[in-house]
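Q: Could you walk me through how to read buried and surface spots in a protein model?

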Amino acid sequence: MSLLLSPHEIKGLKLKNRVVMSPMCMHMAADDGFVTDWHRVHYGARALGQAGLIFPETLAVHAGARIGAGDLGIWSDAHIVGLKALTELLTALVQKPVLRSAMRGATLTCPISFTSRHRLSRSRKPAPCLAHSRLRKFRGW
């Protein structure tokens, strides 16, 4: 058996194999950062494919901290229901889901994601920028 498909343990976390799905910014959340059917199908399929560890897309800790429109959120207790259901789905498929929070820093919300679902209209402005520093990343930002 190859090492990739052999069981592995990291600080007490037992994985069925070493296949890890890294976190991505898929921008497929509903408005206000809620889990959608897309997340259940996309990550469920990866779990069925036997990934040993799955990092779902990054979670924004505040509406103003989203990297782009359509990011998953965890800034409201209302997000818990969908995130819990997604976690239960992945756990039922014998995978280990883990959380990665994101903070966009001193950049602006990207106005257009990879899908046309979350285009920001001229009348809809992104949430105010929330950053962990007052320092600008680049001149003019």
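Q: Which side chain makes a polar contact with the side chain of Asp 71?
A: It's His 27, at 2.7 Å. A polar contact is a pair of N or O atoms within 3.5 Å; within protein, one must be able to donate a hydrogen and the other to accept it, and residues adjacent in sequence count only if both atoms are side-chain atoms. Keep in mind that this is a predicted model, where local features need pLDDT of at least 70, side-chain atom pairs count only at pLDDT 80 or more, and totals for chains, interfaces and linings use all residues. Residues are numbered from 1 along each chain as its sequence is written, and side-chain values use heavy atoms, leaving out hydrogens and water.

Q: Is Glu 57 buried or exposed?
A: Buried means under 20% relative accessible area, exposed over 50%, partly exposed in between (1.4 Å probe, protein chains only). Glu 57 counts as buried because its relative accessibility is 1%. Its side chain makes a polar contact with the side chain of His 39, at 2.7 Å.

Q: Which residues does Asp 71 touch, not counting those up to four places away in sequence?
A: Touching, or contact, means heavy atoms within 4.5 Å. Asp 71 touches His 27, Ala 29, Gly 33, Glu 57 and Arg 66.
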